[in-house]
Structure formats: structure tokens, C-alpha cells
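This report looks at how the inside of one protein chain is packed. It begins with the contacts of a single residue.

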Amino acid sequence: MTRRGWLLLPPVLVLLGFFGYPLVLVVLQSLESKTGEFGLSVWLDVLGSAEFRDAAWKTVALALGATAGCVVLGTFLALVIAFVPFPGARTLSRLVDTVLAFPSFLIALAFTFIYGSAGILGAGGFLYSPFGILLAEITFYTPFVMRPALAAFGQVSTAQMEVAASLGAKPGRVLRRVILPEALPSLASGACLTMLLAMNEFGIVLFLGAKDVTTLPMLVYGKGIVTFDFPQACVIAVVNVVFSLALYGTYRRLTKGGRHAAVDQA
């Protein structure tokens, strides 16, 4: 083994010990029924249940809704901060960035104080619905789209915008034909990252306790902690991991493509 191989060996062993080994145990547990039989019986029971299908559908629907909301709101805020000069733009950008440092349940707690039954506005019902969870996730994850969008808008050539404007293009056309195409890879990568995080969101859903809203992470918690049905919990966890890895692979391809595009432009 080369010197480089020996240097890589310790971190590889750490990864295998802390991540690979537990994941293997989860997969093996998912193949073993409560009676000790080894096979796909637990998988067939879980994947064929209405409970799992409903949780998977709600997980995907909430993730897609949160991603769409974050892309719209994050892109709008990034455009305003990048191209509309106003006092406090830098402060606003930093304020939004601070949300990245917060645990997600703090957003749910803040929403409870504002919109909860005993909160400032006393909106009550809507907060404990899918719409309340969606609004909380959009609030929390918007900076994950806004930050790469700001970086992309900062690289748009001012000369291109000036030439387009001098040729009679209106601001809306400049936005569609010059600005957004340049930022598309960054927006796409931010959207994939947001969807990945939203699909695995647990704190907001648990803290708000929305009625009839059970996502895959919540279902893992219910099966593993509440009912102690570890084989079914492991099956759902493996499915969730597969979804997450697929989204992460997409995110990596998009960010790689964005870097290559930046290099080509340079």
C-alpha cells in the first residue's frame, strides 16, 4: 500500500465504523421479522401498507411544496438584494443567513408563539395542518436557496445587462433572458438541497404535531420508539435513506455542472 493509501486508511475506517456498520445493521434488521425469520416478509408488509404509502406521499408532497416555495421566495429576495439598491440590504442578507444557524424546531416554536392558539395572532387551526408545516419549512429553508442565488447573481456580467437594456429590452426580459439563465445551475442545486433537507425534516413536523400529517421520518419514530416495531422502522429508514441518496446524487451532479459552467465562462 502506498503512503497515500495509509493516510486514507484511518478516515475510511472511521466512516465504516460510524456510518457503514450501523447502516448494515439497519438493513439486516429490516430483513428479519419479529419471529426471527429472515427474508422480505417485513418489506412486503410495509411497502404494501396504506400507512406507508400515505406517509411517503405526504413526505414527497411536503418536500416538493417546500422546495417550490423556497425557490420562489429565495429567488425573489436574492434578486431584490442583488439588483435593487436600498439601505440595509447587506443587513437583511446577513439576517436571513442567521436562520441557517438555528435548529428547525426553533422555527416551529416561533410559529407557535405567533400563530398558535395562545399566540400573538391566535390563528390557531392552520398552524397544526399541512399548510402550517409547509409555511414553517419554507421559512426555515429559504436561505438554502437564497444564498447560492445571491452568489450566482453576483457573477452576472453587468455589461450583458447594459447591452440588453440598450437594445430596448425591458427589465422583465433582461431578467428572463440574461439573469436567470446564468443563475439556473445554482438555483437547481439549491432546490435539490432544500428538497433533500425537507424530505428528512423531523423537528418541525414533530413539534407542530399537525393532525393526520405523518411523514417517513415521523413513521420511523413511531414504529421504532412508540410501538417498538424495529424491523418495520428499519425498512422505512432504508427507504428514506435511498430517497436521500438519490437526491444527494442529483445535487452533486448539479453543483458539479455549475462549477464546470463557471470555469468555462472564465
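## Contacts of Ile133

In this predicted model, Ile133 is in contact (heavy atoms within 4.5 Å) with Leu62, Leu127, Ile204, Val205, Leu208, Ala210 and Val213, leaving aside neighbours within four places in sequence.

Residues are numbered from 1 along each chain as its sequence is written. In this predicted model, local features need pLDDT of at least 70 and side-chain atom pairs count only at pLDDT 80 or more, while totals for chains, interfaces and linings use all residues; side-chain values use heavy atoms, without hydrogens and water.

## Nonpolar cores

A nonpolar core is a set of buried Ala, Val, Leu, Ile, Met, Phe, Trp, Tyr and Cys residues joined through side-chain atoms within 4.5 Å; buried means under 20% relative accessible area (1.4 Å probe, protein chains only). The largest such core has 43 residues, and Ile133, Phe153, Ile179 and Leu208 have the most contacts inside it. Two or more residues each come from α3, α4 (89–98), α5 (104–115), α6 (130–154), α8 and α9 (203–208). These helices are DSSP runs (H or I, at least four residues), numbered from the N terminus. With eleven residues, α6 gives the most to this core.

Another core, of 13 residues, lies apart from it and includes Ala55, Val235, Ile236 and Val239.

## Annotated regions

In an unreviewed UniProt entry, the annotation "transmembrane region" covers residues 7–28, 60–83, 95–114, 120–141, 183–210 and 230–251; such annotations may be inferred rather than shown by experiment. Residues 183–210 are 82% helix, with end C-alpha atoms 36 Å apart. Residues 230–251 are 100% helix, and their end C-alpha atoms are 31 Å apart.

Methods. Buried < 20%, exposed > 50% of the residue type's maximum accessible area, 1.4 Å probe, protein only.
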